Amino acid sequence: MVGSANIDRCYSVTSFPRAGETLNATAYAESLGGKGANQAAASALAGGLVRFIGAVGDDAGGASVLHALEARGVETTHLTRHEGTATGNAAVVVDETGENLIIVAGGANLLLSGDDVRSALDRAESGSLVVAQGEIPVEAIAAAAEMAQSRGLSFLLNLAPFVPVDEEILSSASLLVVNATEAIDTAAHLGLGEPSDATDAAARLRDHLRIDVIATLGGEGCVVMATDGDSTAISSPAVEQVVDTTGAGDAFVGILAARLGRGDDLVTASRAATVGASFAVQRQGTAESYPDADQLDALVASLGAVPR
């Protein structure tokens, strides 16, 4: 897992503030955050063997990230601590419907270099799956793509948030995972016309890049666009109450990676990831809301969502 690691400072509010308005939060908490760290935690909890490649500061936040990842079973040998640099952090505001607004200060994440990534992935075992997101420098994403290709490893790129990367990086991925907005933005970046919706964008990306593409659709589930031409829409299971959508996309990617790593096919893994993300939105926070392997297997079996 090549990615960002933050401390999330989470504020619960009844509604989002208007410009110039001050609101009292109904609750406050600090927790592990950053797309890379969230995905690493979700993947390890789901049974994956996960090594994290990232950067934090030499502050209390860095120590907290290290402890939180290790507590969830993530191997942190390649988590670099930079002296005199602050760990990345995010202000997360969640309203009573579970929707969120997030502001990120990258901090040490912005110091993750291509050389850091190349050095770490040079030691990756044969058959490993490399995962990266858009919340780290493009140089680091490019290095992950380069090393995966040179070592014959699978490469899952979650272009979240969307950042403009070279088409060569995109086409080197085994699998591209994007949400609705990111799918349309990526298609526009590649000059693929004006997609009518995320599904159309995902199909255009698959056909142009000739790689598998998954577009996540929030509460509507996801659509899997496979290079063999198959398109599979996967519905999200019904939930009693959406509490917090923060990190649900990271739950999806982390669980997807873990299930692919254990040999599930793309559609089967995507169904399990959709179930896991639906579990997460019914709980507060990010990593603390993710299911462990036993919970996930029980949910999948009870819903009949994934053929066994």
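Reader: Which backbone oxygen does the side chain of Ser 289 reach at 2.6 Å, and what makes this a polar contact?

Author: The side chain of Ser 289 reaches the backbone oxygen of Thr 286 at 2.6 Å. A polar contact is a pair of N or O atoms within 3.5 Å; within protein, one must be able to donate a hydrogen and the other to accept it, and residues adjacent in sequence count only if both atoms are side-chain atoms. At 2.6 Å, the pair therefore qualifies. A polar side-chain atom of Ser 289 also lies 3.2 Å from the backbone oxygen of Gly 285.

This is a predicted model: local features need pLDDT of at least 70, side-chain atom pairs count only at pLDDT 80 or more, and totals for chains, interfaces and linings use all residues. Residues are numbered from 1 along each chain as its sequence is written, and side-chain values use heavy atoms, with hydrogens and water left out.

Reader: Is Ser 289 buried or exposed, and how do you know?

Author: Its relative accessibility is 1%. Buried means under 20% relative accessible area, exposed over 50%, partly exposed in between (1.4 Å probe, protein chains only). Ser 289 therefore counts as buried. This residue lies in the loop between α9 and α10; helices (H or I, at least four residues) and strands (E, at least two) are DSSP runs, numbered from the N terminus. Setting aside residues up to four places away in sequence, Ser 289 touches Phe 279, Ala 280, Arg 283 and Gln 284, with contact meaning heavy atoms within 4.5 Å.

Reader: What makes Arg 210 count as buried or exposed?

Author: At 71% relative accessibility, Arg 210 counts as exposed. It sits in the loop between α7 and β10 (212–216). Its phi is positive, about 60°, although Arg 210 is not a glycine.

Reader: Which residues of helix α6 are buried, and how do you know where on the helix they lie?

Author: In α6 (residues 180–189), Glu 182, Ala 183, Thr 186 and Ala 187 are buried. Down the axis they fall within an arc of 135°, so they line one face of the helix. The arc is taken from the directions from the helix axis to the C-beta atoms. The cover over these residues includes α5 (167–172), β9 (175–179) and α7 (198–209).

Reader: What lies at the start of α6, and what follows the helix?

Author: At the start, a side-chain oxygen of Asn 179 comes within 3.1 Å of the backbone nitrogen of Thr 181. After α6 comes Gly 191, with a positive phi near 70°.

Reader: What makes the largest pocket a pocket, and what is its volume?

Author: A pocket is an open set of points on a 1 Å grid over the protein atoms alone, for a 1.4 Å probe, with protein on both sides within 12 Å along at least five of seven lines; lining residues have an atom within 4 Å of a point. The largest pocket has a volume of about 1100 Å³, the space filled by probe spheres set on the points. It has 47 lining residues, and Asn 179, Thr 245, Gly 247, Ala 248 and Gly 249 lie nearest its centre. The largest share of the lining, five residues, comes from α8.
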